[in-house]
Amino acid sequence: MKIGVIGTGNMGTVLLESWLEAKAITEADLVITNRTLTKALAIQYHYKGVTVVNTAADVARNADAIFVCVKPLEVLPVLQTIKPYINEDKCVISITSPISVDQLESQLDCSCARFIPSITNRALSGVSLLSFGSQCQSVWKETITALANSMSEAVIIENEITRAASDIVSCGPAFFTYLARKFIDGAVQTTKIDEETASVLTENMLIGLGDLLRKGIYTLPTLQDKVCVKGGITGEGIKILEAETGEMFEQLFKATNEKFTEDIEEVEKQFRTPY
């Protein structure tokens, strides 16, 4: 099976590098392109067996599964470009959350799916979110799920929870990295610890926290109970968090949902306009 990747930006590269590291595919299985071709050639420099082609149409001609890894408003032009080279035996997969599988199916006569990755997948960890079109063949559902499981835990979601699930899985690493940076800054500004030491300690604390959860030693609620001794120092810190965070995360989800709604409206307008 040949896998095509149209768009070798951050997430397109995460996908192909993760699959290669997990040995889910070989370099010879990959056919890739990018609008700026030098980016695709840079990947080929590291993975000599990968085939770089000039256009999205070339990818569609040569691949069985075609991953469209471009921005939301660039998806429809790509679909129109590859449409002449698509048949019912192929599968087209978008990694863009505002594009639904129904929209993919409205343009293409083939199996369609959505595969939303996370930066954590690059460590062969975390979650990837899958949705399948109503006409998606069982063999492609199994194949796409296997690719997802090779680099993550595959979770199938309904369209109505796409934004919330994406916020947690895909945007979450950026949100919690920001909080970790503020945590480090707070320590540096109020104590004698230096930034390098605080960063090393925080990074390793987070790695340890992840291991506790991964191994099932504690859940999030039980972990907090284990560390937070009544009347102790941790408890005093929790009081500050309770007072200061307030509705912060509610506002975060509202803001991302508003932007998501704007993106969907722009995409729907584009899909309604004859191309």
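Guide: Helices are DSSP runs (H or I, at least four residues), numbered from the N terminus. This is a predicted model, so local features need pLDDT of at least 70 and side-chain atom pairs 80 or more, while totals for chains, interfaces and linings use all residues. Residues count from 1 along each chain as its sequence is written, and side-chain values use heavy atoms, without hydrogens or water.

Now, the second largest pocket has a volume of about 960 Å³. (On a 1 Å grid over the protein atoms alone, a pocket is an open set of points where a 1.4 Å probe fits, with protein on both sides within 12 Å along at least five of seven lines; lining residues have an atom within 4 Å of a point. Volume is the space filled by probe spheres set on the points.) It has 36 lining residues, and C69, V70, K71, P72 and T96 sit closest to its centre. By class, the lining holds 13 nonpolar, 15 polar and eight charged residues. (Ala, Val, Leu, Ile, Met, Phe, Trp, Tyr, Cys and Pro are nonpolar, Asp, Glu, Lys and Arg charged, the others polar.)

Which helices supply at least two residues each of that lining? They are α1 (10-21), α4 (72-82), α7 (162-190) and α11 (248-272), and α7 gives the most, with five.

(Under 35 degrees is roughly parallel, over 145 roughly antiparallel, 65 to 115 roughly perpendicular, the rest oblique.) A180, R181, F183, I184 and V188 of α7 meet E195, A198, S199, T202, M205 and L206 of α8, where contact means heavy atoms within 4.5 Å. That contact has seven nonpolar, two polar and two charged residues.

Two of the other lining helices, α4 and α11, pair up: their axes come within 9 Å and cross at roughly 20°. They are therefore roughly parallel. On α4, P72, L73, L76, P77 and L79 meet E266, V267, Q270 and F271 of α11, giving seven nonpolar residues, one polar and one charged. Notice P72 again, which is also listed among the residues closest to the pocket's centre.

Finally, α1 crosses α6 (residues 138-151) at roughly 80°, their axes coming within 9 Å, which makes the pair roughly perpendicular. L15, S18 and W19 of α1 touch L147, S150 and M151 of α6: four nonpolar residues, two polar and no charged ones.

Conventions:
Axes fitted to C-alpha atoms, helices over the stretch in contact; angles between N-to-C directions.
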